[in-house]
Amino acid sequence: MSQSKGFILIVDDEKDITLLTQRFLELEDYNIVSANNGREALQIIEERYSEILLVLLDIMMPQISGFDVLKKIKANEKYNNILTVLFSVKNFQMDIQKAKELGADGYLPKTISGKILLDYIKKMLESKK
Ligand SMILES: [Mg+2]
């Protein structure tokens, strides 16, 4: 296991997306935890923040959006070490801009291939060390 410590948190209201993403990331032996809404995500972050390496966060979710979860992460110093990557079906410049303004570490459109996703996440985690 290359990442025996820590895990990646995948947050998306569509279960198919969390499952698919999880499968790709597990090809690299990453430990994965997933949440299907913002509330669940925030609960996991609160309880296990010291183990979370990176949060892959869907933007469009009911009630608590990915932007809302991102704001909460950035508002709490305890969570400083958590990398945040927003994940969206939209790839509009506005979303990317907003993600940056809120302090996201990265942004990915959902249309990318599993291989690109994997390379991107790998690079981010390597640059963190
Ligand atoms: Mg969604």
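This is a predicted model: local features need pLDDT of at least 70, side-chain atom pairs count only at pLDDT 80 or more; totals for chains, interfaces and linings use all residues.
Residues are numbered from 1 along each chain as its sequence is written.

Me: In what order do the elements of the protein run from the N terminus on?
Reply: Helices (H or I, at least four residues) and strands (E, at least two) are DSSP runs, numbered from the N terminus. The protein has five helices and five strands. From the N terminus on, their order is β-α-β-α-β-α-β-α-β-α.

Me: Which residues touch the most other members of the largest nonpolar core?
Reply: A nonpolar core is a set of buried Ala, Val, Leu, Ile, Met, Phe, Trp, Tyr and Cys residues joined through C-beta atoms within 7 Å. Buried denotes 20 or more other C-beta atoms within 10 Å of the residue's own, exposed 12 or fewer, and partly exposed in between, with C-beta atoms placed from the backbone. Within the core of 25 residues, those touching the most other members are Val 11, Val 55, Leu 56, Leu 57 and Leu 86.

Me: On which side or sides of H2 do its buried residues lie?
Reply: The buried residues of helix H2 are Gly 38, Ala 41 and Ile 45. They cover an arc (of the directions from the helix axis to the C-beta atoms) of only 60 degrees, which puts them on the same side of H2.

Me: Which exposed residues does the opposite face of H2 carry?
Reply: H2 spans 38-48. Its face turned away from the buried side carries Gln 43, Glu 46 and Glu 47.
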